[in-house]
There are 2 protein chains.
Amino acid sequence: MTRQELIANIQRKKSFLCVGLDTDIQKIPEHLLKEEDPVFAFNKAIIDATAPYCIAYKPNLAFYEAMGVKGWIAFEKTIKYIRQNYPDQFIIADAKRGDIGNTSKLYARTFFETLDVDAVTVAPYMGEDSVTPFLGHEGKWVILLALTSNKGSFDFQLNEDKNGERLFEKVLRKSQEWAKEDAMMYVVGATQGKAFEDIRKIVPQHFLLVPGIGAQGGSLEEVCRYGMTKDCGLIVNSSRAIIYASNSEDFAEVAAQKAKDVQQEMEKQLKYTL
Amino acid sequence: MTRQELIANIQRKKSFLCVGLDTDIQKIPEHLLKEEDPVFAFNKAIIDATAPYCIAYKPNLAFYEAMGVKGWIAFEKTIKYIRQNYPDQFIIADAKRGDIGNTSKLYARTFFETLDVDAVTVAPYMGEDSVTPFLGHEGKWVILLALTSNKGSFDFQLNEDKNGERLFEKVLRKSQEWAKEDAMMYVVGATQGKAFEDIRKIVPQHFLLVPGIGAQGGSLEEVCRYGMTKDCGLIVNSSRAIIYASNSEDFAEVAAQKAKDVQQEMEKQLKYTL
């Protein structure tokens, strides 16, 4: 998906919500366990219910790998289902990969050619040749970890170098030599509040993928105040607060309602800018 | 596997070689393609041939994920095969994972409980709560990326902070608050030469997993000169130079010979220290 198509989807749906498909078989409603593939059955119901209110889906690979071969089957079926039924959804494989060049190249082949997702999250620690193999696939995106939503983000990401530049700022600056805003986004946690102002000084145009509202405690309003651009420039993810809002037979309906609530807040925020 | 068991294996086998099972279906000998599971058939032959000369195996997950469900099946069969037939081998899942706490916890469950490998490589960028969920599993190890073997290691890992500490040094120092040398190792590329001296000032006892000899050009002799401890303290990985040494029906024999050559060099190096 191109940047222009993504922006058009956001404008049309008045939403920049990404639903995180962090599907844990230990947390899904019990009645689904009798299905042949309970994880896929859950995802399918969640997708059908929330698709009108979101513009992206983000399965985190950890949840699928935790189930081994069965998990990979459910993951592949989920991607395929979204692709075939909701072609306007932006699909993010939240994989946080990053390896030496020839290995990153294989990961890129897996995610962009075999699975055909739109974007992969990538960790920056190993530098340029661990990231660039993911680039150059038309309409495909790297979403690079910059400033994450967790407490551990303080350990290294905020480390100031001898010129006063923090590590996440160096990642933002340096990685612009590798790709522009039509192929690169950044992960910035919703819990980082005013850091969005500093981030927008370095990447005024790039889309930011923002996890951490809901269960992790970040504020949508604050994220928009400091992070939104004239093109929106934000994809805000919510996982647990939507997909596990109910644990009964009505789980999909309740998820739809939760997604709609977030979409309506987003519509208000978009009015200020678009 | 405990640290004492690992050291005992190294002493007994006079080897600290890890064979990297980076098995690419596009690179294995053609006659294997008629097997039901060519990747597993290749791994099995390589393992049987090289086991006398090495103390560890390291499959890199990227190569298996590149094949989707089939790849995961081959990966699981490979782990199981080593476990059942060569229980004294240390198994490293080279996955370079790292995510927020509840997600890293799932990855730990996958690798240590479901798959039962000995160690997982982990990326440090997201800090403490992305790493600690991998700890506390008895006899299991985190191998944290410190100073990698690729060119991109210069982009961020060598960045000096305002106190003159480089990022990889901060990772080494800070992570010692999370685990000791009985549960943590570090990845240091063989291409980093004299940096091993600086690393040993911060982690004098820890084992280092050293990729980058062979295809990537690092020198075993230099790694030993600057990195070896009285307990050896090194696990040196070679992948392509061993497993793809021949592309014909004799591939396993040739791999065995290559592994033996490295083992004999290692035996010499061990004589200086153990």
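This is a predicted model: local features need pLDDT of at least 70, side-chain atom pairs count only at pLDDT 80 or more; totals for chains, interfaces and linings use all residues.
**Stop 1: the barrel of chain B**

Select the strands of chain B. Eight strands form a closed barrel in the order 1-2-3-4-5-6-7-8, with parallel pairing. From one strand to the next, the twist averages 30°.

Now find where strand 1 meets strand 8. Strand 1 (residues 17-20) of chain B runs parallel to strand 8 (residues 234-238) of chain B, and three bridges join them. Pick Cys18(B): its bridge partner in strand 8 of chain B is Asn237(B).

Then select helix 10 (residues 220-227) of chain B. Helix 10 lies across strand 7 (208-210) and strand 8 of chain B, at about 165° to strand 8.

**Stop 2: strand 3 of chain B**

Select residues 90-97 of chain B, which make up strand 3. Eight of its eight residues are buried. In a regular strand, side chains alternate between the two faces of the sheet. Show the side chains here. Phe90(B), Ile92(B), Asp94(B) and Lys96(B) point one way. Ile91(B), Ala93(B), Ala95(B) and Arg97(B) point the other way.

Look at the neighbours of strand 3. Strand 2 (residues 56-58) of chain B pairs with strand 3 in the parallel sense, over two bridges. Ala56(B) stands opposite Phe90(B). Strand 4 (residues 119-122) of chain B also runs parallel to strand 3, joined by three bridges. There, Ala93(B) has Val120(B) as its bridge partner.

**Stop 3: strand 6 of chain B**

Move on to strand 6 of chain B. Five of its five residues are buried, so strand 6 is largely enclosed by the rest of the structure. Met184(B), Tyr186(B) and Val188(B) lie on one side, Met185(B) and Val187(B) on the other.

Strand 5 of chain B pairs with strand 6 in the parallel sense over five bridges. Find Val142(B) opposite Met184(B). Strand 7 of chain B pairs with strand 6 over two bridges, again in the parallel sense. Tyr186(B) has Leu208(B) as its bridge partner in strand 7 of chain B. Follow the chain from strand 6 through helix 9 (residues 195-202) to strand 7 of chain B: this β-α-β crossover is right-handed.

**Stop 4: helix 12 of chain A**

Switch to chain A and select residues 251-271, helix 12. At 1.5 Å a residue, these 21 residues should span 30 Å, and the end C-alpha atoms are 30 Å apart, which agrees. Which residues of helix 12 are buried? They are Phe251(A), Ala252(A), Ala255(A), Ala256(A), Lys258(A), Ala259(A), Val262(A), Met266(A) and Gln269(A). Look down the helix axis: these buried residues fall within an arc of 165°, so they line one face of helix 12. On the other side, Lys268(A) and Lys271(A) are exposed. The cover over the buried residues includes strand 1 (17-20), helix 2 (38-50) and helix 10 (220-227) of chain A.

**Stop 5: where the chains meet**

Show both chains. The contact takes 48 residues from chain A and 48 residues from chain B. On the side of chain A that touches chain B, helix 5 of chain A gives the largest share, seven residues.

Notes: Residues are numbered from 1 along each chain as its sequence is written. Chains are lettered from A and ligands numbered from 1 in the order in which they are written. Helices (H or I, at least four residues) and strands (E, at least two) are DSSP runs, numbered from the N terminus. The expected span of a helix is 1.5 Å times one less than its number of residues. A residue is buried if 20 or more other C-beta atoms lie within 10 Å of its own, exposed if 12 or fewer, and partly exposed in between; C-beta atoms are placed from the backbone. The arc is that of the directions from the helix axis to the C-beta atoms. Two residues are in contact if their C-beta atoms, placed from the backbone, lie within 7 Å. Two strands pair if DSSP finds at least two bridges between them. Axes are lines fitted to C-alpha atoms, for helices over the stretch in contact, and angles run from 0 to 180 degrees between N-to-C directions. A crossover is right-handed if, with the strands pointing away from the viewer, the path from the first strand over the helix to the second runs clockwise.
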